[in-house]
Every structure is written in structure tokens, then in C-alpha cells.
Amino acid sequence: MKTNKNTMSKIAQIHKEQLSAEKVELGVVDDLNKTLKSSQDLEKEIKKLNDLIGTNRKYSSDVFKDSTKFKKVLEKASDRRAKAENEFISAKQALERADKDYSGAIKRYKQFDENADRLVKKRKPLIKEATKNISSFNKMIAQAEKAAKDLGVKIPTASFSKMRDRLNKLIKIL
């Protein structure tokens, strides 16, 4: 009877250990799914901000190039005024127009550049959270793989690894 009681106790202990391991495994998978959802949202927002930053940087560069053209027009207009008094009125108008265009271009250049800087600042906390998620992925994937190895099962972690890699790539852009 004593042997039977010891056997039953061992069976109960093995059963408790298996249940405990399954709970740990399910908890890690739940945590991974939560982090995946958060990371997917981050990915969308960071991509959108990256696109906006790139667009603003391009516009800023284009407007700056235009400002160089306007400056040359301004210089030519000033030279014509000095050469001939009878062309003074038309040269003066060209000078005023070029000055206005140049000033407007510089103003737009600054606006686009400031907008891009604001977007970069807006993106910083997202990058920080993405970095945190990458770290969480690394830890939880390692835990899941260890648990799977200990239990002799296979836990699919490829989708989590892919999200981690995509986030890594996104935070290095721009």
C-alpha cells in the first residue's frame, strides 16, 4: 500500500510539473502576441512618419535649390539697374519680384525643415518604444525557445523574429 501511495504521489507531482510548464509556455505566447500587436501599430506609425519626413526633406531640398535660382535672378536685376537709368523701372520691378521669390523660398525652406524636425521629435518616443519591443522580443523568444526545448515541442517564433527585424530596420531609417 505504501508503494502505491508513493507511485500516486510521483504521478501527481509529474502532472503538476507538466501543467506548470504549459502555463509558463502559454503566458510567454500571450506576452509575445501583445508585443506583436503593439509592434505592428508602431510599424505603421513609424512608416507613415518616415514617409512624411522623407517628403518634407525632399521639398526642403527642392525649395532650397529654387532659392539659389532666385538669388541669381536678384543679382542680375541689380546689375541691370546700375547699367542703364532708363531701364531702372523695369529692373527695379524684377529686383523686387526676385527678392520676394527668394524670401518666400527661404521661408518655405525653413518651414519644411522645421516640420521635418518636429516629425523627427514626434518619432523619437516611437523609436524608444520600438527599441523596447525589440528587447522584449529577444528575451521572450529566447524564453519560448528554451521552454520548447525543455518540453520537447516546437513553438513557432518566426513571425515574432520577423517583426523584430522589421522594427530594427525601421528605426535605422533616416
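Student: Why is S67 called buried?

Tutor: Buried means under 20% relative accessible area, with exposed set at over 50% and partly exposed in between, using a 1.4 Å probe and protein chains only. S67 has a relative accessible area of 2%, so S67 is buried. Keep in mind that this is a predicted model, where local features need pLDDT of at least 70, side-chain atom pairs count only at pLDDT 80 or more, and totals for chains, interfaces and linings use all residues. Residues are numbered from 1 along each chain as its sequence is written, and side-chain values use heavy atoms, leaving out hydrogens and water.

Student: What makes Y109 partly exposed?

Tutor: Its relative accessibility is 26%, and therefore Y109 counts as partly exposed.

Student: Which residues do S67 and Y109 touch?

Tutor: Contact means heavy atoms within 4.5 Å. Not counting residues up to four places away in sequence, S67 touches Y102, A105 and I106, while Y109 touches S60, V63 and F64. The C-alpha atoms of Y109 and F64 are separated by 5.9 Å, although these residues are 45 apart along the chain.

Student: Where do S67 and Y109 lie?

Tutor: S67 is found in helix α1, and Y109 lies in helix α2, residues 88-151. Helices here are DSSP runs of H or I with at least four residues, strands are E runs of at least two, and both are numbered from the N terminus. The protein has three helices and zero strands, following the pattern α-α-α along the sequence.

Student: How do you know that α3 has close to its expected span?

Tutor: The expected span is 1.5 Å times one less than the number of residues. α3 has 14 residues and reaches 20 Å from its first C-alpha to its last, close to the 20 Å expected.

Student: What makes a set of residues a nonpolar core?

Tutor: The members are buried Ala, Val, Leu, Ile, Met, Phe, Trp, Tyr and Cys residues joined through side-chain atoms within 4.5 Å. Here the largest nonpolar core has 22 residues, and those with the most contacts inside it are L32, L42, I46, F137, F160 and L167. Helices α1 (2-83), α2 and α3 (158-171) each supply at least two residues of this core, and α2 gives the most, with 10 residues. Leaving aside neighbours within four places in sequence, L32 is in contact with F137, M140, I141, A144 and F160.

Student: Which residues of α3 are buried?

Tutor: They are F160, S161, M163, R164, L167 and L170. Across the protein, buried residues make up 26% of the 174 residues.
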